[in-house]
Amino acid sequence: MPTSKTMVSFYHLTIFLCACGLAASSSPLHSTDFNIEEYQRMMQLRHLAIEFFDYYENITTTDLIVPGSRLPNQQDLICLSEVAQLSLALRSGQLWALRMIDSWGRLPAGMLYGNMKDLGNFEECIRVNHELSTTGQTLRGKYCFAKLLSGSMLGSGSSAALSLITIQTAVCFPASCTGDHMETLLRRLFQQLLNIELNAEQQLIDDDKCKTAESKPLDGIAILTIVIIAVLAAAVLLSTLYDYFCCEDPTHLPLLAKIFSARVNSRALFRVADSKTNPNVIDCLHGIRCLSLVWVVYGHDYLMAALSPIINLVDVLPWYRSPYSMFITHGLFSVDSFFFLSGLLLVMVALRSMEKTKGKINVPLMYLHRYLRLTPVLALAILAYMKLLPLMGGGPVSDSYLDSSVTTCQDNWYLTLLYVQNYAANSDMCLGHSWYLSVDMQLYIISPLLLIALYKWGKKAVAGIVVLMLLLAGCLFATMVIRDYSMSRPGGKSIYVGTHVRASPWIIGLLLGYFLHVKRGKTIVLNRWTVWLGWISCLALIFISLFALYPYPANGYTLPILNEAFYVTLTRISWPLALAWIVFACKYGYGGLANSFLSSAMWQPLSKLSYCVYIWHVFIQNINGGNAVTSTYFSDYQVMLRFWSDFGFSVLLAYCMYILIEAPSGGLQLLFLPSGKPKTQSSPPLDTPKVNDPTPQLEAKATLDS
């Protein structure tokens, strides 16, 4: 089972599925040499809680501590006393003691179907809070996972198939007992009842993963995060109330109130831009962006399902062999779509500005605007993921979702704010899905060179940029072949987040944006056969990118690195080329039904929220996944149900973050920083409103800025 770091990319989902497929095909679930005697011995553990307390009815210090290892300390004596009190309460039938034993898990039902973990009853355990009459102290429940059996626990007599599985169940002990105490008792029980000698180097219980009802106190950073959100919320609330009740004429609203007013920003968010009145607006981009965003969230929900304890592991391999799984395992193309849109919008906006300034470009100001555009939302997200996410409740498996958000952010948060984590912290990124921002920022940094070249040399610069893209593609191909880098093999070296790997879609978007800029205001006439050829080629490129490998890897074969290098390199180009035709056809009236769908006004509000949704959707997924208290059933329908709840709450949270920080930070940026517009122009164009009215500028920025 992968850790929460697998959320970095869809690539890791492929690794998980391959690993599950291998385990499912070679584990006792399907193995013909399955040892029935070993299985029957494991079945005796089904009533482990009853056996445990019957065996330790008269527990002593020799049971709790290995004889001769050390002398008992105060905590040992407290644990011993509370276990003895619990055994006594069980014999007398006290309800609190029965609840503690009732919360224990059993041997998972359906092991032969892939159910390897029994979660017991988490809430029933941690809610045990009984005051002992003998000592006056309070006995609290402590919930832990115990490894009943795994390959490394058994001796050499265990079958090779059995060594691939790990069976876990929930146990509930007094909170005064440590993981070492519980482990010692369980090892002795296994030895006496089942004659199983467990490997001393294998940890049965990880005390750091155990949970009680007591919550950790807030530290300074957590309090600071809450204060920041409270101050922003107060500013938005006061500005909105002033706007709604105290200002009858919106044109007389003070600038700061207008910047923070939820009413003003909501109007800008839900205002629909009409391409008929503004030729600079390409309506179909909203649909492409939103569908790519949905694809990202949906694919990450499959990763959440991979982290969850599922009861039907044997169904994962047949799913992986299905054609539908190709849409998930190749969900990386959704991120390529974002890079394509980023390059396209960058060149269209920048070249218009350069024409007004006669080729001049303020590079430092350009970088500053970009950094301030992305960083406020990202910085608040880092604080929230690191400090607020653990406070949002937690179930028995919440640690699987919190490790990457809490631990890695404490160590590498500054790398994320510097947008270098894709190289400086490849395997331990804070906010793993934010690698996209690093790649996009690094491409943005080199963009002035390409923009100046396009402005000065036109077609010659286009030829040079095409050569650059081919060289980068060749570099990717050579790197994969020579250094044996893979994007699909489990355990292989990954180059998923490399900037040069993602450069091709961005460059193709850049070139298309230059073409649309040169042809703006012109009509391009194509005959019927050319349009049909364009759409057929577009669909062919899309289906080849998605299904070219089917069903080769799904059947368990390892793709040769040369074949994979060709596939990865060429699909980095074929996918954005298909998108380029879609944008071109929709822009010049050859889109048909595709244009009607992608250019629908319903996409525009979600498109403006796409950045916040992308940053915050994993927050919602972690909350929902971490609060699960029962094992789940894996199927496409179940993941779809999970997706709609996650996506709905992600959009709601994104709207709150847009109102709290994204829109106000954009307004403050426009208010206090130079806009970069020439001072000689007599009146602003349609897409460049006056600086003293930031509301329409925020709308234009949300629409055009990637």
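**Disulfides and aromatic contacts in the predicted chain**

Of the 706 residues of the chain, 55% count as buried (buried means under 20% relative accessible area, exposed over 50%, and partly exposed in between, with a 1.4 Å probe and protein chains only). The model is predicted: local features need pLDDT of at least 70, side-chain atom pairs count only at pLDDT 80 or more, and totals for chains, interfaces and linings use all residues. Residues are numbered from 1 along each chain as its sequence is written, and side-chain values use heavy atoms, with hydrogens and water left out.

The chain holds 28 helices and four strands. These elements are DSSP runs numbered from the N terminus (helices are H or I, at least four residues; strands are E, at least two). Contacts were taken as heavy atoms within 4.5 Å. Among contacts between residues at least 6 apart in sequence, 80% join residues at least 24 apart. The accessible surface of the chain is about 31200 Å². Carbon and sulfur atoms contribute 62% of that surface. Accessible areas come from the Shrake-Rupley method with a 1.4 Å probe; for residues, only the protein chains shown count as cover.

Disulfides were examined next. A disulfide is a covalent bond between the sulfur atoms of two cysteines. The criterion was a pair of cysteine sulfur atoms within 2.5 Å. By this rule the chain has four disulfides. With the bonded cysteines numbered in sequence order, the pairing reads 1-5, 2-4, 3-6, 7-8.

Cys79 is bonded to Cys177, with an S to S distance of 1.9 Å. The torsion about this S-S bond is about 95°, so the disulfide of Cys79 and Cys177 is right-handed. Cys79 lies in helix 5 (residues 74–91), and Cys177 lies in the loop between strand 4 (166–174) and helix 8 (179–194), so the pair ties together parts that are 98 residues apart in sequence. Both Cys79 and Cys177 are buried.

A further disulfide is formed by Cys144 and Cys210, whose sulfur atoms are 2.0 Å apart. Its S-S torsion is about 120°, so the link between Cys144 and Cys210 is right-handed. Cys144 belongs to strand 3 (residues 138–150), and Cys210 to the loop between helix 8 and helix 9 (220–246), so parts 66 residues apart in sequence are tied together. Cys144 is buried, as is Cys210.

Cys409 and Cys430 are also joined, at 2.0 Å from S to S. This link is right-handed, with 85° about the S-S bond. It connects distant parts of the chain, 21 residues apart: Cys409 is in helix 17 (residues 399–417), and Cys430 is in the loop between helix 18 (421–424) and helix 19 (435–457). Cys409 has 0% relative accessibility and so counts as buried. Cys430 is buried too, with a relative accessible area of 0%.

Other cysteine sulfurs are too far apart to bond. For Cys538, the closest cysteine sulfur is in Cys586, 9.3 Å away, which is too far for a bond. Cys538 is buried, with a relative accessible area of 2%. For Cys586, the closest cysteine sulfur is in Cys284, at 4.3 Å, again too far for a bond. Cys586 counts as buried at 8% relative accessibility.

A pair of aromatic rings is described by the distance of the centres and the angle of the planes. Rings of Phe, Tyr and Trp (its six-membered ring) pair if their centres lie within 6.5 Å; planes under 30 degrees apart count as stacked, over 60 as edge-to-face and the rest as tilted. The count comes to 34 aromatic pairs.

One of these pairs is Tyr302 with Trp319: the ring centres are 5.2 Å apart and the planes are at 25°, so the pair is stacked. Tyr302 lies in helix 12 (residues 284–307) and Trp319 in helix 13 (residues 316–320), so the pair ties together parts 17 residues apart in sequence. Tyr302 and Trp319 are both buried. Trp581 and Phe584 form a tilted pair, with 5.6 Å centre to centre and 40° between the planes. Trp581 and Phe584 are three residues apart in helix 23 (residues 561–587), so about one helical turn separates them. Trp581 counts as buried at 14% relative accessibility, and Phe584 is buried at 12%. One aromatic cluster is formed by Tyr298, Tyr302, Trp319, Phe634, Phe643, Trp644 and Phe647.

Charges also sit over rings (NZ of Lys or CZ of Arg within 6 Å of the ring centre and within 35 degrees of the ring normal). The charged end of Lys117 sits over the ring of Phe145, 4.8 Å from its centre. Arg370 has its charged end over the ring of Tyr444, 4.7 Å from the ring centre.
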